[in-house]
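Visitor: Walk me through this one with the criteria in hand. I want to see what stands behind each label.

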Amino acid sequence: MERNPLSVPQIQPPTYGNLITILSIDGGGIRGIIPATILEFLESQLQELDGEEARLADYFDVIAGTSTGGLVTAMLTAPDENNRPLFAAKDIKPFYLENCPKIFPQERGPFSAIANLFKTITGPKYDGKYLHKIIKEKLGTRRLSQTLTSVVIPTFDIRQLQPTIFSSYEVRNDPTMNAQLSDICISTSAAPTYLPTYYFKDEDKEGNIREFNLTDGGVAANNPTLLAISEITKQAFKKNQDFFPIKPMDYGRFLVISIGTGAAKIEQKYTAHKAAKWGAIDWIHNEGSTPLVSVFTQASADMVDLHLGVVFQALHSEDNYLRIQDDTLTGTVSSVDIATKENLDNLVKVGEELLKKPLSRVNPETGLTEPVKSGGTNAEALKKFAKLLSEERKLRDQRSPQNKVVKY
């Protein structure tokens, strides 16, 4: 397959290396600050190894993101005027701290709870106008085909009642999917009850028009790691030259970093006794949160982690799969939209503390996440993965026909 010159990644293709590298970022609204903190640390480790100009897009074959993770994905992979990433990982956290209070303006005063309930019942809690404005301002007219490495960003089409996956691989075969990154990010972030669904239409060079009626990608895959693996597997089946002769189910060659946005499992906030009495309103607004959204996004994310954890362990490749997630959130830090300065600052602390926590993996017998014996911390695991990523990139540069070693 001839490669589209607009989508040639910075990294040499996997066919010249030993691994297929994937970065995945969950959805979670303002909790995107947590993976932003983790990614800043990972990029700093790569810079220690390869120079200050190293960027995450230089090391991953695919970066996948849902909802807030989709926005982070676009920020990391969209090109600037020098064809380098528009944002460094260290820029993402300040972006969230500055803009989240304007995206999710907080009601204040004694009647704020009633006002929020009224908004939730009568329409989206937020109008999304500032979110749309800032995303379009930052990403401009850049399109999916222009990302500096391949990306996978899920959305859900409420008219077709099926997922719409924006994939760098698929856009080569279907130009009608070559949407602007801003439209994709707005769509994947349109969380039900929080932000309005998003309509746009796109026209390819042949004049073919496609309409999209999209809502949050978390409806389909709040943890998009499996989607990224599936996209690569399809390319292997099609004998894409970038992946040939890689076998489609050769999970041993995947190197995966999957980063969650935290969960409030430890709170055990809801019980069957309480929920048995809930009607529609309670499912969409209960004690300041939206149980229905929390349940389906957390369920889909955990199912992906459970599946991949079992598969990688069964193939004795568990050291190639790193899932970083904090299940111990409590109070307002577990919300997706309480964008007060105090809460945002606390989310930064959650991310920093998560780096210090023990490396954990899902137990296939219980489905629970447990610390890995002698596994060290998440920060130590990221350092090991940074070294593997650096070595893989250098190996590909050496083996490529151009024999071009990139110098930063």
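## Labels and their grounds

Visitor: Why is Cys 185 called buried?

Guide: Its relative accessibility is 0%. Buried means under 20% relative accessible area, exposed over 50%, and partly exposed in between, with a 1.4 Å probe and protein chains only. Cys 185 falls under the limit, so buried is the word.

Visitor: What kind of model is this, and what are the ground rules?

Guide: This is a predicted model: local features need pLDDT of at least 70, side-chain atom pairs count only at pLDDT 80 or more, and totals for chains, interfaces and linings use all residues. Residues are numbered from 1 along each chain as its sequence is written, and side-chain values use heavy atoms, with hydrogens and water left out.

Visitor: Why is Cys 100 called buried?

Guide: Cys 100 has 4% relative accessibility, so it counts as buried.

Visitor: What is the overall make-up of the protein?

Guide: It has 13 helices and 10 strands. Both are DSSP runs numbered from the N terminus: helices are H or I with at least four residues, strands are E with at least two. Of the 408 residues, 54% are buried. The protein exposes about 18,300 Å², and carbon and sulfur atoms supply 54% of that. That area comes from the Shrake-Rupley method with a 1.4 Å probe.

Visitor: What makes strand S3 mostly covered?

Guide: S3 spans residues 150-157, and eight of its eight residues are buried. Both faces are covered. Ser 150, Val 152, Pro 154 and Phe 156 are buried on one side. Val 151, Ile 153, Thr 155 and Asp 157 are buried on the other.

Visitor: How do you know that S3 pairs with S4?

Guide: Two strands pair if DSSP finds at least two bridges between them. S3 and S4 (residues 162-167) have six bridges, in the antiparallel sense. Phe 156 stands opposite Pro 163 in S4. The two strands form a hairpin with four residues between them.

Visitor: Which other strands join S3?

Guide: S2 (residues 62-65) runs parallel to S3, with three bridges joining them. Ile 63 has Val 151 as its bridge partner in S3. S6 (residues 209-215) pairs with S3 in the antiparallel sense over two bridges. Here Phe 156 stands opposite Thr 215.

Visitor: Is Leu 161 buried or exposed?

Guide: Leu 161 is called exposed because its relative accessible area is 63%. It lies in the loop between S3 and S4.

Visitor: Why is Ser 67 called buried?

Guide: Ser 67 has 6% relative accessibility, so it counts as buried. Ser 67 sits in the loop between S2 and helix H2 (68-77). Its phi is also positive, near 55°.

Visitor: Why is Thr 155 called buried?

Guide: Thr 155 counts as buried because its relative accessibility is 0%. A polar atom of its side chain lies 2.8 Å from the backbone oxygen of Thr 164.

Visitor: Which residues does Thr 155 touch?

Guide: Contact means heavy atoms within 4.5 Å. Leaving out residues up to four places away in sequence, the partners of Thr 155 include Phe 166, Ile 184, Ser 187, Leu 214 and Ala 220.

Visitor: What makes a set of residues a nonpolar core?

Guide: Its members are buried Ala, Val, Leu, Ile, Met, Phe, Trp, Tyr and Cys residues joined through side-chain atoms within 4.5 Å. The largest one here has 76 residues. Leu 39, Leu 56, Phe 60, Phe 166, Ile 257 and Leu 382 touch the most other members. Helix H1 (residues 33-50) gives the most to this core, with eight residues. A second, separate core has 18 residues, including Ile 22, Ala 64, Phe 243 and Phe 312.

Visitor: What does Ile 257 touch?

Guide: Among its contacts beyond four places in sequence are Ile 22, Leu 42, Phe 60, Leu 322 and Leu 382.

Visitor: Why is Ser 145 called buried?

Guide: Ser 145 is buried because its relative accessible area is 4%. It lies in the loop between helix H5 (129-139) and S3. Ser 145 and Met 177 are 32 residues apart in sequence and 9.3 Å apart in space, C-alpha to C-alpha.

Methods
A polar contact is a pair of N or O atoms within 3.5 Å; within protein, one must be able to donate a hydrogen and the other to accept it, and residues adjacent in sequence count only if both atoms are side-chain atoms.
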